[in-house]
Amino acid sequence: MRKAVHILLIEDDTMIINFLSLALKTQGYELTVETTGKGGIEAFKNLNPDIIILDLGLPDIDGNDVIIEIRKMSQIPILIVSARELEQDKIMALDAGANDYITKPFSMGELTARIRVMERFISRMNSVDNEQDTLSFGDLVIDRERRRIFLSGEEIHLTPLEYKLLILLATNHGKVITHKQIMKEVWGYQETEDPKGIRVCMAGLRRKIEKDTSDPKYILTEIGVGYRFTDN
Ligand code: CA
């Protein structure tokens, strides 16, 4: 039998804890609950979980500080659960290294869909080396060694920026990448945000790799936040 996926839930809201405990255990996940940020970091170190679900509003330390601490040690998928609707909080958490976010109130269906994306992220991390030369996503093949891209067997030509943007998103498959992270990794800017510049580059990239740019299959827009690569 496959080992159960172990989820560490760091959350202080009793109603959410009860709701998630029942639902996640019913679906076969192993669950550990911690109600403080410090307790969560300790549990992470001691228990080696597979996925973290993290509330940003914790009683002791800020959820963002939990992300920063954990990212010093691990690339474990972190899903943010937040009551805060402020876009800026989500963006800060993603900039700090969270993979994805979900806003309260949410349905169990939404949550399990996010968890499944993270499970695929883990199996990709485990089965393939991210530094490997060739990445394949359905019809899209990226040959990193020769810097060549093929779509349904036909080579397509990207500009250097489009290529860097595609590599950043594809090697972070399933993870939301913020505008700030894109500016830093693709353009090399530390603080400047230029969503318009990114949009122009993204439009060019999508025209080349997406069959229908109005209904993209590989690169999804997270409105006001950034982008996510997927091959669903
Ligand atoms: Ca809370």
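**The helix pair**

In α6, Leu-161, Lys-164, Leu-165 and Leu-168 meet Gln-181, Ile-182, Glu-185, Val-186 and Trp-187 of α7, where contact means heavy atoms within 4.5 Å. Those contact residues divide into 6 nonpolar, 1 polar and 2 charged. This is a predicted model, in which local features need pLDDT of at least 70 and side-chain atom pairs pLDDT 80 or more, while totals for chains, interfaces and linings use all residues. Residues are numbered from 1 along each chain as its sequence is written, and side-chain values use heavy atoms, with hydrogens and water left out.

How are the two helices placed? Helix α6 covers residues 160-170 and helix α7 residues 179-187; they pack at an angle of about 125°, with axes 9 Å apart.

**The calcium site**

Which protein atoms are donors of the calcium ion? They are Asp-12 (OD), Asp-55 (OD) and Gly-57 (O), at 2.2 to 2.4 Å from the ion. Donors are N, O and S atoms within 2.8 Å of the metal, or 3.2 Å for Na, K and Ca; water is not among the atoms, so sites may look incomplete.

Asp-12 sits in the loop between β1 (6-10) and α1 (14-26), and Gly-57 in the loop between β3 (51-55) and α3 (63-73), so the pair ties together parts 45 residues apart in sequence. Asp-12 is partly exposed, at 32% relative accessible area; that term lies between buried, under 20%, and exposed, over 50%, with a 1.4 Å probe and protein chains only. Gly-57 also counts as partly exposed, at 32%.

Key
Axes are lines fitted to C-alpha atoms, for helices over the stretch in contact, and angles run from 0 to 180 degrees between N-to-C directions. Helices (H or I, at least four residues) and strands (E, at least two) are DSSP runs, numbered from the N terminus. Ala, Val, Leu, Ile, Met, Phe, Trp, Tyr, Cys and Pro count as nonpolar, Asp, Glu, Lys and Arg as charged, and the others, Gly among them, as polar.
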